[in-house]
Amino acid sequence: MQDTQPKTIYLKDYRVPDYLVDTTDLWFELDPKATLVKSRLKVRRNQAAGVGLPPLLLDGVELELLSVTLDGILLSPAGYREFPEGLSIPVDRAEFLLEIQNRINPEDNTSLEGLYLSNGMYCTQCEAEGFRKITFYPDRPDVMSKFTTTIVAPTDHPVLLSNGNEIERGNYGADRQFVTWEDPFAKPAYLFALVAGDLEQVEDSFMTVSGRTVKLQIFTETKNVGKCDHAMRSLKSAMRWDEEVYGREYDLDIFMVVAVDHFNMGAMENKGLNIFNSACVLASPETATDSAFQRIESIVGHEYFHNWSGNRVTCRDWFQLSLKEGFTVFRDAEFSADLNSRAVKRIEDVSLLRTNQFSEDAGPMAHSIRPDSYMEISNFYTLTIYEKGAEVVRMIHTLLGEKGFRKGSDLYFKRHDGCAVTCEDFVKAMEDANQVSLTQFRRWYSQVGTPVLDVKDHFDETQGVYQLTVRQSCPLSEKQEENLPLHIPFRVGMLDSTGKEISLNEQGLTETILHVNGTEQIFEFFGLKEKPLPSLLRGFSAPVKVHYSYSNEQLLFLIRNDTDTFNRWEASQRLALNSLAELQEAYRKGEPLQLRSELIDAYRGVLKDRGLDPALSAEILQLPSEQFVAEESVFIDSEATVVALEFARKAIAEELADEFIRCYCELNSQKSYSPDAKDIAERRLKNICLSYLCATETQEALDMAQNQFDSASNMTDSAAALTALINYAGDSQAENSIAQFYTRWQEDAQVIELWLSQQSCSPKRGTLKNIRALIEHPAFEMTNPNKVRSVIGGFANRNFKQFHKNDGSGFEFVADQVIALDKLNPQIAARMVIPITRWRKYTGAHAEEMQMALQKVADSHVLSKDLFEVVSKSLG
Ligand code: 0A1
Ligand code: ZN
């Protein structure tokens, strides 16, 4: 690895900025290889930073500096100092006008940070530190400035967009034109955006609660204008929802969304000009699956909600990232829950958190939701910051209640509007609005790791007293010397032996929140006639692991009787995990495998219960993923995990084939497509039945899949049938379907991304040989993150069987791809390497092979800062 290491940045070193920038006027003359950028900054000494006039430090990366002018005087090169990551300018006055000219090369910018080209369209990505790739600037979120932007471009790029309102346009010479935009709100540079291209737009409007009309525009390439309706509908729902639930009204006269094919993340909340990964905005019933429809709704909501939680009130520094992200994920989750099935949304979110965030917490990059150091901030756009951050906000909501939380958020927005603040400011507003203390609760922001609650119970028959003893602990990470007890809202209920809810107090409440805040506590419940069955952590009221030894019969009882939908599902997961653990154990001992009857009984009950919400049935019938099974194990035996799951799937399919067929046929209607929650649930349940049926590999089942594939009128059904054929049909049938699908959809980028990932994730067809072929396929592009995520990410994250092949070939392959990617796009390279960094959870040769692959990356070249941080922390 390299000799000079990237430096670590610490929260404790935060200092207010030396200089502030009141206004920022930008001028762009766009050119693929040589874009000219001129900036005029009104700079002022920040009195809060102290006395004297230190040099002005500006960030700047990969910029060609042309000139620096201070108060109209052109500085000679001796008048400033340029260094690899910026510019230092000695100054002798407290206020001045600084003008800088520089050149950049968007065409060669494959990092997709700063200004770059995507299919000929110019676009920007400035969060977190991308603005410094555009021009020299104090690129930190606590420097907020009013921006004016002029874009000059050739006439073949007629649409020229930036933040705020358009104030002027015209011709610029014979073959160019210009547009000037002015954003009335002061903002940090990370919210700056520019787009230029030959785009079409879909337009609509929204009347705000106070009666202002806002113009809504979605820009995309001509071929995609038919795929914007759902995003537009979602945007309008989000605008209304934020008014109703948070009292937040939109503040500009125009809100624009642009779809871009090359994008590192999902989308970006730039003020008034959101830029979206095409996959997170474009959809039509023929081309997008139900999950894509739902993803779009939630991401459109997420970015829109940032207008208040992120833009109007922004972060002081990047250690506070969860201030905007945790809060906004919580807001978008509630938005989706209100619009769809609340229970299913919760189950999906918890599944993601437990499978992926818990393993992040246990891995080499573990960090708290407010980290105290980083090398590269891009590496901290994590599930911990986003999803665990949202869980922490959710707990505050649980502790304060709906009304109290709203009082807190009102105060937060009022107090900090137009400011760059900290997580502490958020918690303080919540406290002050409710006159409560969240002192102990604050530890959630600084402590790393997933807390564990060990729960034991005791029933005193003679007194009728039931005791729950709760011990909390948290595994220590290498960095942390001690973990103090957290304040954990632990929602519980209890069932009697007939399956009825038991009253827990005189008011007849059947559910309560236990405030777990010590290392060990005993909670007592009086006046009980029999020992109850506890339903613990209802609704997943805290991001913790609960250990309580339920018997399989008790889990079956909870699946059938719990009134908490989340816990019904949770019991089914626990029962499945127990059954899978038994299968793994038998496999290791070389004993014959046999699946527990309770699991089959539970599934049979679900399939027969016509009154059950199909959304819940679908969730319960899904076995835990290999990744979740792995996360739950102390050490992962990948072979046994794969064998156990394959065996269980097949055994369930064979035992319940009749029920699956009946359910499939009942739901296989030909009605026209709608992405509403009920229809989505029915399609999901139907396609789960199809998948189980195909696991039997009978001709009858494969014919059903083929029929569905041939006749499907929407992408959900088409893709589900294709997945079943890919995973279970014989080679020629599978290959024909794959080829047919490609021929039909090759012009549609979003469908092809799906097609790539269906193959790379397939335990059967996603073999290394086939993955290598996919990378050579004309549809693959190493410079397009979506394609990389589909093929390489799909293989490493979701194809447990092939990626974890015992010969280590999967790890080495990923290492080679990461090495190649790092030279193109460091952010994506640092993400793709993650699956091989978790080697400590494996044993023996498997762990060694992963470590070797990682070492190969480390030794390959001078790594980017992004990749260096992940690799060095994982090897160290
Ligand atoms: N703030 C955006 C996510 C985002 C973050 C970083 C990016 O580039 C490195 C791009 C987008 C969000 O939360 O939606
Ligand atoms: Zn966000």
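Helix H18 passes helix H19 in a left-handed crossing. This is a predicted model.

**Helices H18 and H19**

- H18 covers residues 731-745 and H19 covers residues 749-760; their axes come within 10 Å and cross at roughly 165 degrees.
- Angles over 145 degrees count as roughly antiparallel, and H18 and H19 are therefore roughly antiparallel to each other.
- On the H18 side the contact is made by Ile 738, Phe 741, Tyr 742 and Trp 745.
- These residues meet Val 751, Ile 752, Trp 755 and Gln 759 of H19.
- Sorted by class, the contact of H18 with H19 holds 7 nonpolar residues, 1 polar residue and no charged residues.

**Helices H15 and H17**

- The axes of H15 (residues 677-695) and H17 (residues 715-728) cross at roughly 15 degrees and come within 9 Å.
- That angle makes H15 roughly parallel to H17, because angles under 35 degrees are counted that way.
- The crossing of H15 with H17 is right-handed.
- H15 contributes Arg 683, Asn 687, Leu 690, Ser 691, Cys 694 and Ala 695 to the contact.
- Their counterparts in H17 are Thr 716, Asp 717, Ala 720, Ala 721, Ala 724, Asn 727 and Tyr 728.
- The contact of H15 with H17 divides into 7 nonpolar, 4 polar and 2 charged residues.

**The sheet of 8 strands**

- An open sheet of 8 strands runs in the order E6-E5-E9-E3-E2-E12-E15-E14, and its pairing is mixed.
- Its edges are strand E6 (73-74) and strand E14 (165-172); each has a single partner strand, so one side of each lacks a neighbour in the sheet.
- Within this sheet, strand E2 (residues 19-29) pairs with strand E3 (residues 35-45) in the antiparallel sense over 10 bridges.
- Trp 27 has Lys 38 of E3 as its bridge partner.

**The sheet of 3 strands**

- Another open sheet consists of 3 strands in the order E28-E27-E30, with antiparallel pairing.
- Strand E28 (511-516) and strand E30 (533-535) are the edge strands, and each pairs on one side only.
- From one strand to the next, the twist averages 40 degrees.
- Strand E27 (residues 488-495) is joined to E28 by 6 bridges in the antiparallel sense.
- Gly 493 has Glu 511 of E28 as its bridge partner.

**Around ligand 1**

- Ligand 1 is surrounded by 14 residues, of which Glu 127, Asn 264, Met 265, Met 268 and Tyr 381 are the closest.
- Strand E20 (267-268) and helix H2 (290-305) are the elements that give two or more residues to this shell.
- By class, the shell around ligand 1 has 4 nonpolar, 6 polar and 4 charged residues.

**Backbone features**

- Most residues other than glycine have a negative phi, and most peptide bonds are trans.
- The peptide bond between Glu 127 and Ala 128 is cis, with omega about -5 degrees.
- Ala 128 lies in the loop between strand E11 (121-125) and strand E12 (146-154), and E12 is a strand of the 8-stranded sheet.
- Gln 435 is not a glycine, yet its phi is positive, at about 45 degrees.
- Gln 435 sits in the loop between helix H6 (423-434) and helix H7 (443-446).

Methods: Residues numbered from 1 in each chain as written. Chains lettered and ligands numbered in written order. Predicted model: local features only at pLDDT ≥ 70, side-chain atom pairs only at ≥ 80, totals over all residues. Pairing = 2+ DSSP bridges. Helix = DSSP H or I, 4+ residues; strand = E, 2+ residues; numbered from the N terminus. Axes fitted to C-alpha atoms, helices over the stretch in contact; angles between N-to-C directions. Near = placed C-beta within 6 Å. Nonpolar A, V, L, I, M, F, W, Y, C, P; charged D, E, K, R; others polar. Parallel < 35°, antiparallel > 145°, perpendicular 65-115°, else oblique. Left-handed = near helix turned anticlockwise from the far one by under 90°. Contact = placed C-beta atoms within 7 Å.
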